[in-house]
Amino acid sequence: MSSWIARMLARLRSLGRGVTRRTEFEREMREEFRAHIDMRTDHLVRQGVPRPEARRRAHLEFGHEEAHRESARRARGLAWLDHLRFSWIDVRLGLRMLVKHPGLTLVAAFALAVGIPVGLAPTHLADAIERPLPEDPANRVRAVRFWDPVMAHTALPTTADLEFWSAELSGVSAVGGFRTLSVQIDAEGQAAAVPAAVVTASAFEILRRPALLGRTLGAADEAAGAPAVAVLGYDLWSARFGADPGIVGRTVRVAGEPHTVVGVMPDGFRFPMAQQLWLPHRDDVLPGTAESPMGVFVRLADGVGPDAAQSEITRVGRAPLPDPSEVRNRLQPEIVPFGMFTIGVPRGGLEAVEGFAFFRILALVLLMVAAGNVAMLIFARTAVRFRELAVRTALGAGRIRIVSQIFVETLVLAVLAAGLGVVAVDRILGALDFGLLAGGADLPYWLDLGLTPRSAMRALGLAIVAATVAGVIPALRLTGRDIQGTLKQAGGGGSNVRFGRVTAGLIVADVALSVTVVSIAFALARGMNDRLVARDLAGIPAEEYLALELRMPVTGMAGEEGSDRALFAQRLATTQRTVVDRLLDEPGVRSVAVADALPRMEHTARPVQVEGDESRRDGVWVRTARVDVDFFRALDAPVLQGRGFDAADVEGVVSSAVVNTVLAQRFFGESDPLGRRIRVVDRGGSTGSQWLEVVGVVGHLGTNMVSPNGGPALYLPAAPGTIHPLQLGIHVAGPPSEAASRLRALVAETAPDAVIGAPVELVRVRQGDWYLAMGVAGGMALLVLVLVTLASSGIHAIVSFAISERTREIGIRGALGAPRADLVLSILRRSLIQIGLGALLGAPLATYITLQLGVGTGAGAALGTVLATIGLAVAVVSAVGVGSCLVPTRRILKIQASQALRAEG
Amino acid sequence: MPESADILPGTLDLLVLKAVSLGDVHGYGVLLRIQEISEGALQIQQGALYPALYRLQHDGLIESEWGRSDNNRRAKFYRLTRAGARRLGVEREKWERLSVAMSTVLAATPQEA
């Protein structure tokens, strides 16, 4: 046994050397043969044979060199490798096949061009989140955040934590902090809101990004009483200051206060997210307490890895606060890639998110479905070339050779498709304005979803996997048969190749899936259409409302007394009251609703508990809005039970809430919701863990774009000065678009300090959920297109193949008087059965999913509506399926007996 | 010089192993050594020697190294490995048993049958 193992190991070593040093092996073999012939020649010369004759004899005695070389390669186990080696001839043949079968090429390339990026997407996204900052290729800059293990969510550290870690951590060379804000900047007589960041002096030291002009912020700028300074971003400098090279030293008004510009950062620098202005971290710049949330980041010390740094911070823990909340006590500090500082994924990245593996497998399954379908098409194409393969076999090509040829042909297709797909997705991602899609916010400057060399290599890997499934499996099936026997039959016509159950199963599955997806897409599309009708969208006539966002920039600059949060709230409250009163005085304005989210806008989801309900201790996710006490009156939304809010509700600690009918039904069933107590699970919000008494019930007002009527909603009263930014819902007498600019100007004039957003008709508000729904619908449309194309091309390929196989039989039967309809039916029967079976299987699946999702049909959708949608989907998919049989059917009808016999005889 | 004979199928590897076991030798030397020892009785087609050498090396029974021949030509020298020596012993025993059996059978007379 041991000698057998030793021999196997020796063979593996030898094979490994042969493969890795193939050129050297061939060169040495040639040299060895030449040395042999030279020695033999010398030997003969020494025996008295003249050299030319000796050389000739030496060659003759040695025999056919190439034959010996071939035997030697076989002896070294390299012969099979030669069969597998890709040759350019195979690649050229593959390219020729692409041109020769353009229909198949288009369909298969389309399927793989969609399938490969889909298979690639989860890993690409996971990589993008963990990528280092652009200025930190060595990946030494990390964010520090808290992880709440109970809520499986992240939380920001505080100013106290920043100071604590600066003093305690030794595995990092510096600790930096930032807070983001929106400030008003005056330039060239024009005011504009600018995304800004207050940063510690260490921030620039950590980032190591020098200024383009002037300098970055330093420790001296942080000192109390130091001159007010600011660093500008490249975009801000270009857009607002005309890229003035003499900007350094000039004074600009930031939030109403004069600041000296000390530097301009280079293009592309927008730390930490999309900021354009940096101010020193000082209490007189942005007031805060030890508990103010703060973004914290570090540079790992030389020689310290992220794991060692994590171990240290786990040991060191949080800053000790005098009276920490229950939530704070369970927070765990984590050192993570910078991109993860706010994204609520665990430290392990997306890979560690529960369910991510499922998505990755799902994406690969989708790719395999596409590859399986392409395999069916390759099978059909190869079956037509069966005789060519049989001849090649007869000429000495082994099975491995033929399989590898078909594999290379498919690989050419897959690599081209992968390239097209990945480049197309890259271009689309590059062209999309994600900022606009995300509701106007700029994306983080470090988030780059573009193609990376790593993703390109992965795409190539997936192309190889897809080509293996789509090329090798059909090739093995075809070459597994008795090729020689078939060659003998070939003269008599017919390849003896039949499509198996797998092929039939694939078509049935394609049709079933198409029906399901088309149904969902139809339902979703109808649902989206319904939502464009304003009255359905929310319980208010949204088309009569104008939405306006109002932000108060941070002020309280140097010298202002008592600059703190309370002062800010006071100013905000005054502004809110003044603006609302001024608007109500304006002719044509009926009412003004104030909230942090108006109906149809995306409401914040928060976990809510019911008192005494132990089964929902972690809370149920509910959409919430903080609203002014006049909110329901201003919206003309009737209070169905109990009362709305009044001024007493916002005096002192908030202890009342209004719920919508969906929440009342879900939480309290038939019992009276009034007087019951609920609370938002503590996340540090202003309502905290305070129990709230339900004082009223309202109807559906809409809590987001996608399911405006469906979700439970909770309304919390908020005093003026506690909602920021303010969303104003202005009910106007005429069309809101006509009043838009006038009202905006009025608000801007009334609150000159405020930053006013662009006015939008409430009916046109589109937020994240809407884009998500449109993305899903678009993705489904693409999926439908892929599935329907694959199914119909599969049917087309199989029917065409059946006809080419049975041309002779059809011709003779036609000549003998068989009705044409019978002939057509005999050929199409199998395909028609497959389409019917697919539709039958897809319909119940589609019904179940459509009803479960409740998409598009709204609450209480009738089963009849759902069935009508699905009937439509079945009709569409079946029509496409039957349509794909039509072209081959015409060919059947054209077959003449004499022609058929001549062709096949 | 005895009349030359074709070698029996399957015996080439044994002959090569034996030739190499007598001392490090290049391919042409293996050929000469077999011819000399068999006094020209065993003729090997020259090129066919190499697949046998490569097969034995592939199985780890011999190993090779480039060196200089007596005529100062660069040549690849083969050497028996320990596995090769063991195999040579086993194969030689097999051959001797076969040879005795063959001789016994061929020497049989009608009375013994």
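**Note on a two-chain predicted model**

1. Start with one pair in chain A. The side chains of A:D646 and A:R643 form a salt bridge, at 3.8 Å from N to O. A salt bridge here is a side-chain nitrogen of Lys or Arg within 4 Å of a carboxyl oxygen of Asp or Glu. A:D646 is partly exposed, with a relative accessible area of 34%. A:R643 is partly exposed too, at 34% relative accessibility. The scale runs as follows: buried is under 20% relative accessible area, exposed is over 50%, and partly exposed lies in between (1.4 Å probe, protein chains only).

2. A word on the ground rules. This is a predicted model, in which local features need pLDDT of at least 70 and side-chain atom pairs count only at pLDDT 80 or more, while totals for chains, interfaces and linings use all residues. Residues are numbered from 1 along each chain as its sequence is written, chains are lettered from A and ligands numbered from 1 in the order in which they are written, and side-chain values use heavy atoms, with hydrogens and water left out.

3. Next, the fold of chain B. Chain B has four helices and five strands. Helices (H or I, at least four residues) and strands (E, at least two) are DSSP runs, numbered from the N terminus. The order of elements from the N terminus is β-α-β-α-β-α-β-β-α. Chain B has 113 residues, and 37% of them count as buried. Among contacts in chain B with a separation of 6 or more, 49% come from residues 24 or more positions apart. Contact means heavy atoms within 4.5 Å.

4. How many residues of chain B are in contact with chain A? The count is 26 residues of chain B against 28 residues of chain A. The two chains bury about 2500 Å² between them, and carbon and sulfur atoms give 54% of that area. Buried area is the accessible area (1.4 Å probe) that two parts lose on being put together, summed over both. B:Y28, B:Y54 and B:H58 supply 29% of the area that chain B buries against chain A, more than any other three residues.

5. Polar links also cross this interface. Between chain B and chain A there are 13 residue pairs in polar contact, both residues at pLDDT 80 or more. A polar contact is a pair of N or O atoms within 3.5 Å; within protein, one must be able to donate a hydrogen and the other to accept it, and residues adjacent in sequence count only if both atoms are side-chain atoms. On the side of chain B that touches chain A, α2 (27-37), α3 (49-58) and β5 (74-80) of chain B each supply at least two residues. α3(B) gives the most, with six residues.

6. Six salt bridges join chain B and chain A. In one of them, B:R73 meets A:D38 at 3.5 Å, N to O. Over all chains, the count is 39 salt bridges. B:K76 and A:E32 also pair, at 3.7 Å from N to O. B:K76 lies in strand β5 of chain B and A:E32 in helix α2 (residues 22-46) of chain A, so this pair joins two chains. Are B:K76 and A:E32 buried or exposed? Both are buried.

7. Other salt bridges stay within one chain. B:R79 and B:E63 meet at 3.1 Å, N to O. This pair links distant parts of the chain: B:R79 is in strand β5 and B:E63 in strand β4 (residues 62-68) of chain B, 16 residues apart. B:R79 is partly exposed at 31%, and B:E63 is partly exposed at 35%. In chain A, a network of salt bridges links A:E26, A:E65, A:E66, A:R69, A:E70 and A:R73.

8. Now the nonpolar cores. A nonpolar core is a set of buried Ala, Val, Leu, Ile, Met, Phe, Trp, Tyr and Cys residues joined through side-chain atoms within 4.5 Å. The largest has 42 residues, and those with the most contacts inside it include A:A111, A:V374 and A:F407. α16 (399-431) of chain A is one of the elements that give two or more residues to this core. α16(A) gives the most, with 12 residues. A:V374 touches A:A108, A:A111, A:L112, A:L413 and A:A470, not counting residues up to four places away in sequence. A second, separate core of 34 residues includes B:L14, B:A19, B:L49 and B:L80.

9. Last, helix α24 (residues 661-668) of chain A. Its buried residues include A:V662, A:L663 and A:F667. The buried residues of α24(A) pack against strands of chain A, among them β14 (604-610) and β20 (713-717). A:G669 follows α24(A), with a positive phi near 60°.
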